[in-house]
Amino acid sequence: MSTPHVVVVMGVAGTGKTTVGPLLAAALGVPYAEGDDFHPPENIAKMSAGTPLGDVDRWPWLDAIGTWAHGRAGLGGVVSSSALKRAYRDRLRAAAPDAVFLHLTGDRPLIEQRMAERKGHFMPTALLDSQYAALENLADDEAGAAVDVSGTPEEITDRAVAALRRLKS
């Protein structure tokens, strides 16, 4: 990428958005914002109780992420967001039209294992089914790339940087 873009690191829970996002931001020399920090307390309470979020729950969260991304337009940045549905990505693009999406993908058993091993996160593994049910992969007309999450965080980040460099600016 020859111009600074905002990269939205997306994928179902447990793919490593919070791990890879900061590493990617460091590799690109731009700031990182943790998407979970944009959730209102009501959303965190719902997810902590094992209740999936609906679209109405997500709109204020996506708008807050979009506002951050808009503020980084032309400067670059990395932000995490599940961005599972095309409608969610469209909402983010409405605020930040030049955003590109990095979809972290992986086999379900690996993702479930990683979710089970993490400590102190509000998203229980019980919600993984709802995440996969909502997931709409990037379409051909969406700026972005998919990267497999097998391997170390550093290996994933290297693949992500390479994939982003292949995107047309």
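Predicted model: local features only at pLDDT ≥ 70, side-chain atom pairs only at ≥ 80, totals over all residues.

User: Is A162 buried, partly exposed or exposed?

Analyst: The relative accessibility of A162 is 32%. Buried means under 20% and exposed means over 50%, with partly exposed in between. A162 therefore counts as partly exposed.

User: How far apart in space are A162 and A145, C-alpha to C-alpha?

Analyst: Along the sequence, A162 and A145 are 17 residues apart. In space, their C-alpha to C-alpha separation is 10.0 Å.

User: Which residues of α7 does α1 meet?

Analyst: Start from the side of α1, where T19, V20, L23, L24, A27 and L28 take part. By class, this contact of α1 with α7 has 10 nonpolar, two polar and one charged residues. The partners in α7 are P153, E154, I156, T157, A160, V161 and L164.

User: Are α1 and α7 parallel, perpendicular or oblique to each other?

Analyst: Two packed helices are described by the angle between their axes and the distance between the axes. The axes of α1 (residues 17-28) and α7 (residues 153-166) come within 9 Å and cross at roughly 55°. The crossing is right-handed. The two helices, α1 and α7, are therefore oblique.

User: What is the order of the strands in the open sheet?

Analyst: Strands of a sheet pair through backbone hydrogen bonds, either parallel or antiparallel. Here the open sheet has five strands with parallel pairing. The order is β2-β3-β1-β4-β5.

User: Which strands stand at the edges?

Analyst: Each edge strand has a single partner strand, so one side of it is left without a neighbour in the sheet. The strands at the edges are β2 (32-33) and β5 (144-148).

User: Which residue in β3 is the bridge partner of Y32?

Analyst: β2 and β3 (residues 77-80) run parallel and are joined by two bridges. In β3, the bridge partner of Y32 is V78.

User: At about what angle does α1 run to β1?

Analyst: Helix α1 lies across β1 (6-10), β2, β3 and β4 (100-105). Its angle to β1 is about 160°.

User: Is H103 buried or exposed?

Analyst: H103 has its place in strand β4. Among the residues H103 touches are M10, L135, A145 and V147. Its relative accessible area is 3%, and the cut-off for buried is under 20%. So H103 is buried.

How values were computed:
Residues numbered from 1 in each chain as written. Heavy atoms only, no water. Pairing = 2+ DSSP bridges. Helix = DSSP H or I, 4+ residues; strand = E, 2+ residues; numbered from the N terminus. Contact = heavy atoms within 4.5 Å. Axes fitted to C-alpha atoms, helices over the stretch in contact; angles between N-to-C directions. Parallel < 35°, antiparallel > 145°, perpendicular 65-115°, else oblique. Left-handed = near helix turned anticlockwise from the far one by under 90°. Nonpolar A, V, L, I, M, F, W, Y, C, P; charged D, E, K, R; others polar. Buried < 20%, exposed > 50% of the residue type's maximum accessible area, 1.4 Å probe, protein only. Lists of a residue's contacts leave out its neighbours within four places in sequence.
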